[in-house]
Every structure is written in C-alpha cells, then in structure tokens.
Amino acid sequence: MNTLIAITGLGIFCLLFEILNLRKAIVPITILGLLGVLALNFSEFGSTESYYNNMITVSKFSTAFSSLFIILTIFLVALSHNFYENHPTKISDFVAIKVFLLAGGVAMVSFGNLAMFFLGIEILSIALYVLAASERLNLKSNEAGMKYFLMGSFASGIILFGICLIYGAMGSFDVVEISESSLSAELPIWFPIGMVLMVIGMLFKVAAVPFHFWAPDVYEGSPALTTALMSTLAKVVAIATLYKLISVLNLIPSLENQDLLPTFENIVVIISIASMTVGNIMALRQVNVKRMLAFSGISHAGFMLMTLLTIATSAGVLLYYTAAYALAGIAAFSVILYVCKNQDNEDITNFHGLGKTNPLLAAILTGSLLSMAGIPIFSGFFAKLFLFNQTIQSGYIALVIVAVINSIISVGYYFKLILAMYSKEPNQERTGKPFLIYAVAIVSIVLNIVLGLFPSLVLDLLK
Amino acid sequence: MNVSLILIILLIGAFVTYFVGDKLASKVALFFSLAALGCSVVLLNHFCAGENISVINAWITQPKISFALNADGLAIAMLLLTVALTPIIIFSSFGNEYKNAKGFYALILFMAFAMTGTFLAADGLLYYIFWELALIPIYFIALIWGNGDAEERRKAVIKFFIYTLAGSLFMLVAFIYLYQKAGSFLIDDLYKVNLSANEQLWIFLAFFLAYAIKIPIIPFHTWQANVYQKAPTVGTMLLSGIMLKMGLYSVIRWQLPIAPLAAKEYMNIFIALGIAGVIYGSIVALRQKDLKKLLAYSSLAHVGLIAAGTYTLTVDGLRGAVLQMIAHGFVVVGLFYAAEIIYRRFQTRNISEMGGIRTQSPKFTSMFLILVLASVALPSTFNFVGEFTVLYSLSQINIWFAVLGGTTIILGAYYMLKMFQGVMLGETNSKTFADVSVNEGISLVVIIAVLIFFGFYPKPITDLITPSLETILSVINKN
C-alpha cells in the first residue's frame, strides 16, 4: 500500500519539477525516487495485509510483481533522457505519465476489489494512450494512439460489463466475498458470463490471438520508447493481472463444480497455441523491427498463458518468465533506440553491420534475442524450461511440443536480425555513446544472465 | 582437484583472450588450451591412481538441477580428445590473418569449454545447456569468418543452426518428461527410471533426432557439406573433429542406457541407417570436385560406421566406436589442415586446379599420404583398430552389415587415393608450392605421431574406456 502511495506521490513531484524549472534533474531524481520505492516495496515483502476496506491487498504475489514493474520503470525512465532530448519542455510530462502508469500497474496486481481493479486498468491504459500518441506531429503516432484508444476503451467496456454481471450475480465487488460465494453449488449464469467477459478484456490487453489485431499497428506507430514500454511493462502487468484475477476469484474450483473446467482448459490451450503460432509466423515476414517484436510479444503471450493451466503452482514460473522476457525486451529496445535514433523508421536495414561499428551493443542485442529465443545460459531458456516442466507435469505434453516447434520457428526471425548485424556491411556512421542507453542495456542484459545463472533467486520467491 | 578445473581454465581463457586484444589473442588462446591439456593429463594421472575427480553440487532447487560432472574413463577419453585437438586447431590457424582475431580465438576457447562440459556433464539439464552452448560459437565462427559468397554462407549456417536447435529441443522435452518420472536430472537417477516400451520408443526417437542431426546420420545430413565448406577451416576442424563426436558420445552415454528396450527392439533399423550413411557418403564423395566437400562426405561415411557400431550394443561395437571417434577426430583435423595448407598456397579448393605438388614439396606429400592412408584405415594406423573392431561387432549382429559397412574401406580407398592423385601427383603445376613451414609441420607431425602410436599400441585407451563401457552395457542389459 505504501508503495502505491509513494509512487503516486513521486508522479506528482515529477509534475512539480516542471514548475520549479528542474527539468535537467528530473530523470536522476525520478530514478532515485523509484529506487527508494523499490526498497520500500521490498520491506513489505512477505506481509499479507489489506487496506481501506479490502480495496488493496498486499500479498507476496503483488509485492514481487510490483518490484518487477518498478525495476522496468526505472529502466524506461532512464531511457527517456536521450529519447526526449529534442523535446526538453515535455520531459516532465512524459516521465510523470510513466510513473502514473506504474501506479496503475501496481494497483492492478494488488487489487482486493473489482472497482480497484478497474481503476488500475484505466490508469494504466489512459497513460498508454497518451504515450502512444505523444509524437504530436507524426501521423503514424497519432494513428497508433487513436487506434489504441478506440480498441482499448472497447476492451475496457467489456471488462466493465463483466464486472457488472459479476456484481449482479454475487452482490459484491469484494474479491474475498466473490471467491467465497463462487464455490457454492448454485451459481447464477451471470457469474461465468461475467468472468468470460473480463477474461476477454484482459486477453485484449495481453494481445493474445484472436484479440491481437491492434498490437502490430500500435507498436509500429508509437514512438520507440512507448513501444518498449508496451511490449515489456504493459504486457507483463496485463498477464500478471489476468493470472491474479483467475486465481483470486477461485475461478478454477468454481468451474470444476459446474463441470466447465475442461472447456476452460481447452480454450486456454487453443488461445495459447494460436497466439504462439500466429505471432511467430507473422513475425517471420516483418522487416520493421518494432513490428517484429510486436508479433514476437504476441507469441510470448501465448507461452505465458500456459501458466493459466497450472494456476495453483505456477506463480513463480510466471514471475520468472515475465522477468526474463521483460529484461531481454528492455535490452533489445535500448539498442533499437540507439540505432534508430535519427532514422524515420525501424527497418532491419538500419542494423546492418552493427557488429562492426558497435560490437558491444550488437552483442547485447544478440544476447537479448538469444534469450527470447530460449538459448541457454540466458534466462529466457530457463523460463521456457520451467514453464515446460510445469506444463508437462500436469499432462499437457502435446501443448509443450507445439510450444517447442514454435520456439524453433522463432529462431528464424530473431536470427534474421543477428545475421543483419554480423554479416552485412555497415551503411551508416553512428557517433556518440549516450551513457544512459549503454547503462540500461548493460544492466538489463547482465540481470538477465544473472537470473539465468541463479534462477532460484526469483523462482522461489512465490513459494 | 577435479574436472571443473578444465572448464574454468577454458572459460577464463576465452575471456582473457578477448581482452588482450587482436595482436596477442592467438598466442594467449594457445597458452590456455595448452594449460587445459596439461591439467587434463595431471587429472588423468589422479584418475588412474584411483582418485575421485568428479563433482556434484546443488544448483537449482526446484526443479532439482545439479552441477554434476562425472569423470569416468569414457568421459576422460573424450575430454582428452577435446583438449588435445584444441591447441592443434589453434596452432594450425597461426598462418592465417583474421579480422577481429580476439573474438575469433575467444569463441574457439568458449566452444572448447562448452564441448568439454558436454562430455563431462552428469546431469541431464547441465548436459543440455552445454550442448546448446556449443552451438552459439560455431554459428558465429562460420558466419563471420567463413568463406565463399556471403549470401550462401548465411543460408548454410542458419539452416545448420535451426536444424540442430530443432533436434535438441525435442531432446529437452524428453529430458523434462524423464524428470517427471525420476524426480531428478542426475544421470544415475535417469538410468534407474522404469519406462514402458512405448515411452522408451518416444524418448529414444527424441534423442535420436538430436543426435542424428548432430552426427549427422542419413537423412539428417543435408546441412553438413555446405557448412563444412563455408566455415573457416578452424570451424570445420572443430565441427568434424570434436563437435560431431558429441553426438556419438551422447548416444552411448544417454540414449542407449535410458531407452535400452527401444534400442534393442529397433537396433537393425538404426544400424542400417548408419551403414546407409557409409555407402551414400562414399559414393557422393567420389564425385566431389571441392576438396573440403569431399572430406565432408568422407567424414559422413566414417561417422555412419561409428554410429552403426554404437547401436550394436556390444562391448566390441562400443569400444570400436569410441576408438574410431578419437582416431577420426585426429585424422580429419589433419586432412582439413592439409587442405588449408594447399589453399594458402594455391588459393583454391578445387581439386582439378591442383596437382604436381609432390615434386615441389616431398615432405608435405608424404605427410599427406600418411593421413590419407590413416583415413582409409590402413593396418598399423589408429583408424584401423577402431574400424576393424566396429566391423567385427557388426559381423556378430549380421554378416551383411559387416559386408556393407566394409565398403567404407574399399570405396574410401578409392576416393581418397583418387583425390591424392589429383591433388598431389601429375604434372608439375605452374604455380610454386613451398614445402611445409615449421609451424605447419609441427601440427601435422603431432597428429601423425598420435595416429601411428595408438595404431601400434591402443591398449592405454582401451584400458581407459572399457570399464565405463561395461558399466553402461550393464545398465543397458539390466532387464
């Protein structure tokens, strides 16, 4: 709870800096503030408490994921410094919006009441709409913002409708009350319908097939830093929230009571397979790196959805997978930001010969792509390993085999980028070594490798 | 003192090589590879004195994965093969100039590190990690420092990478499945798992896919010739000399003991696939015009025979296979090196553009001849010992296997001697061919010495590997 208050306070401070004319200091101070929030959040770890009539519930799950969100936000704020160099007057707005977005994310994983859950979603989404359209004079950015806003508010509407139906069935917004009464034998039909609507809305936010159509266009049109944010932080928040929603509302046992569990599991399996396959196959054909990573994100969403099949035990695995995926994504995007800084697009040709002109960044991008492809010693490999292990344990061996085949396909497009960096001739000169971009890239890839060498650090957090 | 020392030396060596810069990189790499060789010999002494040089440490608690390295005779033999060939391979590259040499030599050492780990690992997942790690450096070595048209090279290496990764991911699934049954990835626990015949078949096939691509066994060989041709000679040596032995070794270490029922049931099919490789490889080699490609196909033929030997599930078959793995490792490195020496002088790999070398450089010609003869398993060379033992074990299964497998010697003699004729003999070439330099001579002489010494006296190696092979066979025959 203190975390959430602190984050909101920090966001307001960011806005005040603008008035006090402290623009230059805004990035370092926000990073320091977020580090403080991180420490605060750690101190809450292990305690389980609820605040304000059960509006917010702090649990191990929420603190662990909040820590991940805060770390990702620190990286994203650090990258802002160079990204908004040309718009010095707006940097405080952008940083503040990112901090508010984090507040929304934290609220989403620590809700104890569906009203709070919806508030969290809206705070996060509105921040994202603004960021997507933040390049005011760029037509594509405007298009992305508009598209995202229309589609996103539609999904929010569906979620809201679902919440209303659940309220109609249960007579409460409180998660504990709903989960208690959801175990009773006699349930009005509104409850499962409401749940389905909420899950659909969340799948939209996660960008799982068949609710993924917005993702490639929005990712491509948005400014690169916003794309980085969407594909790492926003995606992780959404999948964690979906997981929490299903587990705290006791959806699995209540479905079991009504013999609907096999149907639910089949649907999860189908969505998971469809997301991986469609994401991967579409990614193979992309020449724009941001668009490619959007499709790769869709396929990773398919992998992460596999945790819903083993919901009782897989919280640790989900945390590990999201951490591995997001850290690799941050490392990759910091290199993309550097390479495509003065380009008008993010096509793969920009990366030609990066291995010669800038071996360090090329190595980092290679590492992050290898991690996403699931090559050991990067944590992406262990994430897939633990996920497969968990899934085979509960008997879904066919699903795992499909996932394996998808991993092989994904090598095709990840390596396209690696090939471009190492086997083509450089076509442009790049000067300058922006410290913050280098620092973010190095720290995130190092964290990724450390997670790979010592997976138990994260994996055992949610035992 | 235990075997993790070798891994540490090679890994540190890789980093140090990268950081000393381009000028010193090759020498530093050579130094570290020799240090690894020296330590391995010391460890061998410790092992022979009956000391325990294995390691087992807990690594990840849930799922239970340990950092376990097991050094029995078989693993040590493969370790010695790796650390003996690595300095030779590094030394052989001294005549060439490489752009970004620090990266090149660091990758070689890193690859040696991963391959050593693969041979030593006694935990399924640790083994898998090393197995995959070995793939990354060779990918970059072939891609960045390879030769030929860049576009074709890209295609060849990406095909290689996706192929091998595809195979090994199915092996990963098999390992996870086994973990559910055994509750641990440790090899001893995996040996004890009781699996139904059906489960064994699927696991056997998943392993087979990984190994058949790596070795390669027909029909999974299509990546091989192109990659061997496009990779720099150092990469080709690493691939053919050591890396494909990872596949053969893994058949003996992992596939057969874990799924023995399937291995027995379908033995004939897999032996037949191996022998089909022998015949196919030999026939295709006959028609090659490119020296490196010819050697690639001859390698395909030889490993086909080795694979057939492993699938016989007899002590002789396994022993012959291991001996032949080591012998083939040395001879193929020697042959590719000879091809590289010719390339340095003639700038071509096309056999028809060579010839007339004998009159100009008698020393090189005689060394090359010895290597050619060793490769066709002339008695008194190491290869003869291995190949003959394998053929003997095949004859025990079915005489026709031995007859068909024996064509490797006949066809091998034919295409290798024809190649020798084309490359070395004939009219004196208009281009001059300087005889081997001291550096080149040292590598070749070391290889030839090993081949001939063990050809006459293979006992140290057989003594080293036989006990562990017998242990593995007793696991295979436990029911």
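# Close-up views of a predicted two-chain model

**View 1. Helices α3(B) and α20(B) meet along a set of eight named side positions.** Ile88(B), Phe91(B) and Ser92(B) of α3(B) meet Asn439(B), Ile442(B), Ser443(B), Val446(B) and Ile447(B) of α20(B). Two residues are in contact if their C-beta atoms, placed from the backbone, lie within 7 Å. This is a predicted model, in which local features need pLDDT of at least 70 and side-chain atom pairs count only at pLDDT 80 or more, while totals for chains, interfaces and linings use all residues. Residues are numbered from 1 along each chain as its sequence is written, and chains are lettered from A and ligands numbered from 1 in the order in which they are written. By class, the residues of the contact between α3(B) and α20(B) are five nonpolar, three polar and no charged. Nonpolar means Ala, Val, Leu, Ile, Met, Phe, Trp, Tyr, Cys and Pro, charged means Asp, Glu, Lys and Arg, and the others, Gly among them, are polar.

**View 2. The axes of α3 (residues 73–92) and α20 (residues 438–456) of chain B cross at roughly 155°.** Helices (H or I, at least four residues) and strands (E, at least two) are DSSP runs, numbered from the N terminus. The two axes come within 9 Å; axes are lines fitted to C-alpha atoms, for helices over the stretch in contact, and angles run from 0 to 180 degrees between N-to-C directions. α3(B) and α20(B) are therefore roughly antiparallel (an angle over 145 degrees). α3(B) passes α20(B) in a left-handed crossing, one in which the near helix is turned anticlockwise from the far one by less than a right angle.

**View 3. Chain B touches chain A through 25 residues, which are in contact with 23 residues of chain A.** On the chain B side, α5 (124–133), α6 (135–145) and α7 (150–182) each supply at least two residues. α7(B) gives the most, with 14 residues. This side of chain B has 20 nonpolar, three polar and two charged residues.

**View 4. Leu34(A) is found in helix α2 (residues 26–44) of chain A.** Leu34(A) has 25 other C-beta atoms within 10 Å, so it is buried. A residue is buried if 20 or more other C-beta atoms lie within 10 Å of its own, exposed if 12 or fewer, and partly exposed in between, with C-beta atoms placed from the backbone. Leaving aside neighbours within four places in sequence, Leu34(A) is in contact with Ile70(A), Thr73(A), Ile74(A) and Val77(A).

**View 5. Asn54(A) and Asn100(B) each have a positive phi.** Most residues other than glycine have a negative phi, and most peptide bonds are trans. Phi of Asn54(A) is near 70°, and this residue lies in the loop between β1 (49–51) and β2 (56–58) of chain A. Asn54(A) counts as partly exposed because it has 16 C-beta neighbours inside 10 Å. Phi of Asn100(B) is near 55°, and Asn100(B) sits in the loop between α3 and α4 (101–120) of chain B. With 15 C-beta neighbours inside 10 Å, Asn100(B) counts as partly exposed.

**View 6. Cis peptide bonds join Pro376(A) to Ile377(A) and Ile218(B) to Pro219(B).** Omega is near 10° for the bond in chain A and near 0° for the bond in chain B. Ile377(A) is in the loop between α16 (359–373) and α17 (379–393) of chain A. Pro219(B) lies in the loop between α9 (197–214) and α10 (224–230) of chain B.

Key
Parallel < 35°, antiparallel > 145°, perpendicular 65-115°, else oblique.
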